[in-house]
Structures are given as C-alpha cells and as structure tokens.
There are 2 protein chains.
Amino acid sequence: MKLSTKGRYGLRALLDLALNSETEAASIASIAARQNISESYLEQLIGKLRKAGLVSSVRGAGGGYMLAKPAKDISVGDILRALEGSLDPVNCPGLDEEQGCTGSDVCVTKYVWKRINDSINQTVDEIKLSQLIEESRGVKDAVSSPGSCCSN
Amino acid sequence: MKLSTKGRYGLRALLDLALNSETEAASIASIAARQNISESYLEQLIGKLRKAGLVSSVRGAGGGYMLAKPAKDISVGDILRALEGSLDPVNCPGLDEEQGCTGSDVCVTKYVWKRINDSINQTVDEIKLSQLIEESRGVKDAVSSPGSCCSN
DNA sequence: ACAATTCCGAGTATTTTGCTCGGATATCGT
DNA sequence: ACGATATCCGAGCAAAATACTCGGAATTGT
C-alpha cells in the first residue's frame, strides 16, 4: 500500500514546475536540479503528465514545460492518477455495479474496497494544485535548499 | 498503490472465520477450502492476525481459530494493518509533527500525504467486523459458492 | 501411538519498482 | 548551415517486493 516514487517525485516536480514556469518554460534539467531528482527518471514522469494533458511542452533549445491549464483546474488526484495509474487499492471488476461480481456471487468485502477507493479519490480530488502553490508561496521565506525534506 | 493479497485474502478469511467459529474453532483447512485460498499461505496470514491479538488459537487435533474479542471491537483497519503493516501510502518521518522534516525545511506536499493517510485510516477504522458479519448474514441466501467473487 | 492440528522459518519464482542509456527529433542562436 | 540545447521515446536491467511453497517441529484429542 505504498505510493511509488512516481507519485511522490511527480507531485513535487509538478509543483516546482508550476512555481517556475511563469516567465519562461521550465526545463527538465532545472526542475531535476532544484528537486534533486534524476533527470532521466524525471523525464519519464513529466512525459506521463504531458500525455495526461496536465503540462504542455516547448521543444528545442530554450524549451521546457508549463502547465497546460490553470492550476485551479488541476487536482492532486489528476496528477497522481496520471503518474500511478488507478489509485484504487483494490480493483474488482464491476465494483461499481449494483450486483457486480459474477452475478450469482455476492461479496461483502466488496463494499469495504469501494469505500476505501472512494475515500482516497475524494480526498485527492478536492486538493487543487492552486492550493499547494499558495501554500508554497506562503512559506517561501522558511524554505531552504532543494530536494524538499524526506524525499517525498 | 495496491492492497496486496495479504490484505484481500486476510479480510475475507477473517470474516469467514468469524462466521464459522461459533460452535467450534475453525481450522485453516476449512477456511482455505471455503475461501479458495492456499492452505500454506493462509497459515501465514492467520499467524499475523494471531500475533496482532485479533484471533486466538487452539492447538492439536480438533483445534483451530476463533475471534479473540467481540467482532464489534475489531475494525477493518485493525485487520488490514495487522496484515499489511502501515496503511499509510506515504511515510515521511515526522509527518505528524508541527514543523517536521529537517526543521529548516518545509514540504508543502507533506500536507497532501497526511490528508491521504488520515483519510484511509479513518475510513477503515470506522468499519467494524460486526457490520460485515451482519451484512453477510443478510445476503446469505444469495451467496453461492466458496471463493467469493473476483478473488478479492 | 497416531492423526490432526497449529506453529515457524527458510527458500523461490514472478512481478514490480526505480531507475539508466542510447538515440531520434525539434528549435533557437549565430 | 551548424551546433547547442531541449524534448521525446523505447529498451534494458538490477534490486526489492510479492505471493507463494515446503519441511519439519510442537501440541493435543482419541
């Protein structure tokens, strides 16, 4: 039940990108340096965010990335799902159907899994990237070195 | 971000155990047969539940397992944590402290992780084994074969 | 004694994670 | 045109985690 480094690095990276791409596009190299993440690995992560339509890119020299839409329209859920795939800890086929499963078969545990899934998704969907940006600016003075804290 | 088979099988197994250990202790073999789980693997899972104080055992011939305390005092959270370890998808050291991290360093993403962790734990802690038992009995007619549905 | 059990630790194949690497493609500045 | 700076893309690979199996010791009812 762990979130992989994709999700942890990726959220940090996207937040960094958001904070540093207002004047000009932010490059992989610059984000990687500030956040202390390997360039080649970060490349993969940003690639996923791009395919998910969260960031847009400018190729060639002086290129880089920026948000594809306003930060208030991007939720942490969007970001994590883009990076991790489904966030559902348990995926029964037909978990959402009324009867579900094989039809004649009914699982009781199914409702447990559904509640867990819903809880997680609801939580991450209600946190918007814009909120994190605001908080970041708020504590800007206190912030020190790159790499954030415990590598999360 | 997946719950392992430990958690999935284990919850099913414990529910089965609760439903079938009222007259006499339920053996690994019987639970395994009903739930269609490998005996040797199930042994490990029940072992964890026992060490966590959720089930008690009777050794020797005719032995088996039963709940160590009333089902209303056992939450799904207790069960899953016993089987999976911490359910927190992200574990920063010092996630709960006010300042946390290395002190001078402040992460914004930390609050995201904390909200996710809290959300999951709260969700699973408010579901009690007794509720699942009641639901199980409720749909007893509809229930068919062993093995539940999609192996979850 | 013997069969039925729980108890326990070690071993192992498969899958997932967390990367690295090489090279193709695009764009800017000179 | 050329080279420097970037994104883009897929393959490959070592380490870790998962999902088990297996052998055997200890315990207890008949």
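## Ser57 of chain A

Ser57(A) lies in strand S1 of chain A. The model is a predicted one. Ser57(A) has 15 other C-beta atoms within 10 Å and is therefore partly exposed, since a buried residue would need 20 or more and an exposed one 12 or fewer.

Setting aside neighbours within four places in sequence, Ser57(A) is in contact with Arg50(A), Gly63(A) and Tyr65(A). Ile46(A) is eleven residues from Ser57(A) in sequence, and the C-alpha atoms of the two are 9.6 Å apart.

## The hairpin

Strand S1 of chain A covers residues 55-58 and runs antiparallel to strand S2 of chain A, residues 64-67. Four bridges join these strands. Within the pairing, Ser56(A) stands opposite Met66(A) of S2(A).

S1(A) and S2(A) form a hairpin, with five residues between the strands. Gly60(A) is in the turn and has a positive phi of about 85 degrees.

## The surface near DNA strand C

Gly60(A) is also among the closest residues to DNA strand C, along with Ser4(A), Ser38(A), Ser27(B) and Ser57(B). In total, 24 residues surround this DNA strand. By class, the surface comprises 13 polar, six nonpolar and five charged residues.

H3(A) contributes the most, with three residues.

Terms used: Residues are numbered from 1 along each chain as its sequence is written. Chains are lettered from A and ligands numbered from 1 in the order in which they are written. This is a predicted model: local features need pLDDT of at least 70, side-chain atom pairs count only at pLDDT 80 or more; totals for chains, interfaces and linings use all residues. Two strands pair if DSSP finds at least two bridges between them. Helices (H or I, at least four residues) and strands (E, at least two) are DSSP runs, numbered from the N terminus. A residue is near a molecule or strand if its C-beta atom, placed from the backbone, lies within 6 Å of it. Ala, Val, Leu, Ile, Met, Phe, Trp, Tyr, Cys and Pro count as nonpolar, Asp, Glu, Lys and Arg as charged, and the others, Gly among them, as polar. Two residues are in contact if their C-beta atoms, placed from the backbone, lie within 7 Å.
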